[in-house]
Amino acid sequence: MKMVIVGAGSAFGSRISVDILSREPLKDATIALCDINEERLETVYKYVDKVIKSNDLPAKVVAGTDREKLLPGADFVVISVAIGGPAYHGEPYESEMEIPLKYGIMQTVGDTVGPGGVFRTLRSAPEIIDIVKDINRLAPKSMIINYTNPMAMLTWIINETANVPAVGLCHSVQGTSKRLAEFIDSPYGEVGYWVAGINHMSWFLEFTRNGEDAYPALREAIEKAENIAKEPVRTEIMKNFGYFVTESSRHMSEYVPYYQHEQEVMKPYLSHTKTIKDRRTAYFEDMGVKALSPDSIELVRSHEYASGIMEAVQTKVPFRFNGNVMNKGLIKNLPQNCCVEVPCFTDGEGIHPCESGYLPPQCAALCRNNVNVQELTVKAAIEKDREAAFQALCLDPSTAAVLTLKRIRELFEEMWRMEGPLLDCYK
């Protein structure tokens, strides 16, 4: 089995490789690492090669900057790229954060929603589409696994342009389920859940302990001061909307309009974002790897889903995960053919998303507010439609909570100028 990782210089390159190697049926895999940054690529290649040799595995690792040479024969293509600059520091990321802040819009992450999310999609989409075209041509029997943010919008774009199966993966469900187990003082192995919605705004529709409803215990837990301190936004959202949401309080605060008017909530997160370049260890912990072992040569497996999907396809033994897929009747009260995050199973026949019925109407309404932005941004990216991009920004909940249409236009034009040649293909 051959796996190609495009954007292997990111943290996902090393961790997904180790995850693959940690699974017995995949230990003879060929891992092909691709990145245009030769220095980072060499670092990841040497690390993965060391893991293989130290564990005496039959696997093979190769590396190169030209994806066209690596894609032929791929069974899986993992996309984890940063287009235009580093993902969370430097330009254009810092300007995508600072320009909206100048206009009064507080973004705490700015990678999937808000002005930052819209413009990250616009600058990333042309290259993502080119990558997909190469996959269609050179790896026609592969499956695409997307890890690149903005998850919902780019996975939507990939599905619109790919001739092969594609799914987007995030670790919000895994991380949140562990947080909720802690809240109710339960061993993680005793909890169960059913989660559906959109990426970063999926809802724990069911949460159980040993098969019994654990929501009563969770409702008690979110009243405790120490838990409110850990999750000030998500506990308040649950109190007002009835369900716990998947993304962290830091991130959830920018998916809804309410916190743009609460600087005491947002400012600590803004300070946190400005130091993100130095948070490599915490980044690995988000993936489920202990702080002391991100670069261990031991086969330490993260809680990322990718290698589980690969193993299930290889062995034909089903594997359950939450994935970002197109809404073909999966969530009845979200728009058809938008990108939703639902429970999925995969096996030798591919990915099988699970129908999740209707979201609670209040949860669906919050999701739709963001789907509106995603839909217009995807239209802008595929049709190279500049005005659709502006209209997407007009519909963004946090932007609309702060600015008039005239000011949104001014913000849009300033950000467009800042992106420069990255947006030259748009009309």
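Tutor: Look at helix H5 (residues 114-138) and helix H6 (residues 151-161): their axes come within 9 Å and cross at roughly 30°. Axes here are lines fitted to C-alpha atoms over the stretch in contact, with angles from 0 to 180 degrees between N-to-C directions. Helices are DSSP runs (H or I, at least four residues), numbered from the N terminus.

Student: What does that make H5 relative to H6, roughly parallel or roughly antiparallel?

Tutor: Roughly parallel, because angles under 35 degrees count as that and angles over 145 as roughly antiparallel.

Student: Which residues of H5 and H6 make the contact?

Tutor: Among them are Val 118, Ile 128 and Val 132 of H5, and Leu 154 and Ile 157 of H6. Contact means heavy atoms within 4.5 Å.

Student: Is this a predicted model, or what?

Tutor: It's predicted: local features need pLDDT of at least 70, side-chain atom pairs need 80 or more, and totals for chains, interfaces and linings use all residues. Residues are numbered from 1 along each chain as its sequence is written, and side-chain values use heavy atoms, leaving out hydrogens and water.

Student: New topic: which residues of helix H16 are buried?

Tutor: In H16 (residues 386-395), they're Ala 388, Ala 389, Phe 390, Ala 392, Leu 393 and Cys 394. Buried means under 20% relative accessible area, with a 1.4 Å probe and protein chains only.

Student: And what covers them?

Tutor: The cover includes H5, helix H15 (361-383), helix H17 (397-400) and H18.

Student: Where is Glu 419?

Tutor: Glu 419 is in helix H18 (residues 405-419). Glu 419 is buried, at 3% relative accessible area.

Terms used:
Helices (H or I, at least four residues) and strands (E, at least two) are DSSP runs, numbered from the N terminus. Buried means under 20% relative accessible area, exposed over 50%, partly exposed in between (1.4 Å probe, protein chains only). Angles under 35 degrees count as roughly parallel, over 145 as roughly antiparallel, 65 to 115 as roughly perpendicular and the rest as oblique.
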